[in-house]
Amino acid sequence: MRFRTRAIHAGQGPDPQHGAVMTPVFQSSTFAFNSPDDPGEFDYSRSGNPTRKALEECLASLENGTRGFAFATGMAAETTLMMLCNAGDHLIASDECYGGTYRVLMSVMKTKGIEIELVDLGDLNAVRHAIKPNTKMLWIESPTNPLMKVVDIQALAKIGAGNGIITVVDNTFLSPYLQNPLDLGIDIVVHSTTKYINGHSDVVGGGVVVKDDKLAEQIYFLQNAIGAVPGPWDCFLVLRGIKTLALRMEAHQKNAQALAEYLEQHPKIDNVLYPGLPSHPQFELNKKQARGAGGMLSFYIKGGVEEAYDVLGKLELFSQAVSLGGVESLIEYPWTMTHGPMPEAARREMGIEENLIRVSVGLEDVEDLLADFAQALS
Ligand code: P1T
């Protein structure tokens with residue numbers, strides 16, 4: 001089956017009891033055993049729940065994997081995966097990533113004795129050079145949040161496989177509609193389902209997909225042991241959103257492309273970061289490994305804090321808010337918002353400056369979005 005069909009049907013046959021076409025919300029913490037030694041398929045909702053199972057099967061299908069896992073948030077999914085590492089293990093992570101990922105790596109995992117090394121994953125020699133006998137995991141984000149850097153996923157997967165390192169890609173920005181890291185040789189895909197997968201800014205959630213049985217068993221053990229799972233109602237909402245993922249992504253990226261082209265020629269903008277622009281340094285690489293450039297873009301406005309605050313305040317359709325991937329356009333200021341948790345020096349080293357602005361381009365009429373920027377920049 002193709003993508004749109006799987007988004008609507010994978011894991012979601014009619015309910016066997018009453019024929020409900022939509023997967024019911026099984027709002028139950030516990031399930032009756034048939035007998036003390038026969039729990040049936042479900043026994044307790046931390047370990048498994050039928051609504052969650054439908055979502056997990058759908059996620060697995062959309063990422064071309066064999067097992068999916070749903071989590072309470074994207075960070076819950078990430079933290080659970082990082083627990084595959086033990087004290088003394090070495091984890092190489094992208095030197096550009098979401099501020100919350102940076103925080104959990106540097107302020108949680110590192111303090112528990114996991115060695116964290118941030119590397120420019122665009123430099124494959126630097127990655128090879130960083131590998132040590134105790135390197136356990138390679139953590140990749142592509143495109144990166146918020147600088148939209150694209151790295152060679154297939155090459156990194158090869159380096160990981162050749163050295164017995166578990167490779168992880170955070171695929172939140174492109175969604176499974178536009179990029180499938182498992183097909184490029186990656187071991188684990190992670191998502192904040194809060195974003196495009198749910199798509200309506202009304203749920204927080206996370207997802208993980210793998211195709212290796214042994215890894216799946218280890219992740220299932222951690223999911224159940226740690227228990228950072230979503231409730232059935234949230235799973236239902238994500239499943240409802242997922243059905244239109246393909247349609248939304250097409251529309252998001254059409255609007256983002258138009259806005260990126262508009263901003264790129266605007267005299268008050270210094271530089272636009274969007275992998276769909278031929279000026280993007282990894283334009284060709286993105287075309288090679290993804291089926292589109294998605295709905296996220298960032299830009300440097302000419303000037304500094306004052307000019308940035310001015311445009312943020314004058315935009316009327318773009319709410320100033322963190323998060324992304326919903327139907328409505330959002331704008332945010334990485335310096336104090338998404339990447340505020342990072343030390344100033346780390347922000348600067350990454351390229352996050354006071355004149356950087358990030359946009360999650362929504363599904364409004366593009367003429368209205370362009371007109372709003374025109375008035376805000378005038
Ligand atoms: O917010 P949560 O569902 O826990 O997901 C964390 C996360 C993980 N990975 C990426 C690439 C992300 O962008 C996020 C969350 N990001 C935002 C809230 C934001 O505004 O960038």
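## Lining of the largest cavity

The largest cavity is lined by Leu55, Ala70, Phe71, Thr193, Val203, Val204, Gly205, Gly206, Pro230, Asp234, Cys235 and Val238. Two elements, β1 (67-71) and α9 (232-242), each give two or more residues to this lining. Helix α9 supplies the largest share, with three residues.

By residue class, the lining of the largest cavity comprises eight nonpolar residues, three polar residues and one charged residue. Asp234 is the charged member, because Asp counts as charged under the classification used.

## Cavity count and volume

The model described here is predicted. Its structure holds one cavity of 30 Å³ or more. The space inside the largest cavity amounts to about 40 Å³. Rolling a probe the size of a water molecule over the atoms shows where empty space is left.

Serine 298 is part of strand β9, which spans residues 296-301. The relative accessible area of serine 298 is 0%, so this residue is buried, the cut-off for that class being under 20%.

A polar atom of the serine 298 side chain lies 2.5 Å from the backbone oxygen of proline 146.

Terms used. Residues numbered from 1 in each chain as written. Predicted model: local features only at pLDDT ≥ 70, side-chain atom pairs only at ≥ 80, totals over all residues. Heavy atoms only, no water. Helix = DSSP H or I, 4+ residues; strand = E, 2+ residues; numbered from the N terminus. Buried < 20%, exposed > 50% of the residue type's maximum accessible area, 1.4 Å probe, protein only. Polar contact = N/O pair within 3.5 Å; in protein donor to acceptor, adjacent residues only side chain to side chain. 1 Å grid on protein atoms, 1.4 Å probe; cavity = no way out; pocket = protein on both sides within 12 Å on 5 of 7 lines; lining within 4 Å. Points joined across faces, edges and corners; volume = space filled by probe spheres on them.
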